[in-house]
Amino acid sequence: LIYRGVSPVWAAVLVAILTTVVTMYLLGGISSKSVTAVVGTVLGVGISGILAILFGKWTHISGYNVADIEQLTYVGQTTNIKIGELLYAGILISALGAVMDVAMSIASTINEIHFRNPLLSARVIYFFRGVRVGKDMMGTMSNTLILAFTGTSINTLVFLYVYNYSTTQIINMYSIGIELIQGIASTMGVILTIPLVSLLSAWHLKRKEIKIFSKIFQRTVRR
C-alpha cells in the first residue's frame, strides 16, 4: 500500500486493525473479551498516533528529519512513497504490540471477575479493579517501550558519550527528539488504553447481562 502511494499513516492504521482483529479472534474467539480488547487496542493505537503527530508539529520534527533521509528522498522521487509520513506509521506499528498486550490483559481480568461473581457492581468493581490491575502493568509496559526504543538507539548514545556532547546539543538533535516522541506517544497510548478497556468491558458485560435477563423474563411471561 505504501509503495502504491497510499498514506503510510492510513496504511498503518489498516494493518493495525486487521492485525488486532485476527489476533484477538485467534486468542478469544467471538466473545465480549475479544470485542472490548479490539476496540480498546484500536483506540489506544489511535491515541498514540495523534499524540505523535501533535508532538511532531510542536517540536517541528517531521518524517524528513530521520537519519537516512537522503536515501529516502531518492526513493520518494522514483516511487509514489510519501516519505514524510513514514515516521508516524512506524510509531503506530511500534505501539501496537504493547497496547494490544495491555488491552487483552485488562479485558481478560475483568471477564474473569465477572465470571466469578456476576452480581458485582460494574462501576465499583469492574472499572476500578481493572484500573487497579492496570496500574501495575502501566509501569512495566512503559519500561518495555522505552527500553525497546533505547535499544535501537544504543549506537547513538555511545556516540554522544564518546564525543562529550553538551545537554543543549543533545536536546536539539533530531534523532533524540524522534526517540522521545516515539517513547512518550507510545507510553501515553498504553496508559490511556487501561481505563478505556476497563470501562468498555464493564459496560459491555453489564449490557450483555441485561439482555440475557430480559430474554429470560420475556420467556417466563409468555409461559
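Rings of Phe, Tyr and Trp (for Trp, its six-membered ring) pair if their centres lie within 6.5 Å; planes under 30 degrees apart count as stacked, over 60 as edge-to-face, and the rest as tilted. By this rule the count here comes to 2 aromatic pairs.

Some ground rules. This is a predicted model, where local features need pLDDT of at least 70 and side-chain atom pairs count only at pLDDT 80 or more, while totals for chains, interfaces and linings use all residues. Residues are numbered from 1 along each chain as its sequence is written, and side-chain values use heavy atoms, with hydrogens and water left out.

Now the pairs. Phe159 and Tyr163 have ring centres 4.8 Å apart and planes at 45°, so this pair is tilted. Phe159 also pairs with Tyr165: the centres are 5.9 Å apart and the planes at 55°, so that pair is tilted. Phe159, Tyr163 and Tyr165 form one aromatic cluster.

Tyr163, at 56%, counts as exposed. Phe159 is partly exposed at 38%, and Tyr165 is partly exposed at 28%.

Next, Leu157. Leu157 sits in helix α6, residues 154-162; helices are DSSP runs (H or I, at least four residues), numbered from the N terminus. Leu157 has a relative accessible area of 36%, so Leu157 is partly exposed.

Key
Helices (H or I, at least four residues) and strands (E, at least two) are DSSP runs, numbered from the N terminus. Buried means under 20% relative accessible area, exposed over 50%, partly exposed in between (1.4 Å probe, protein chains only).
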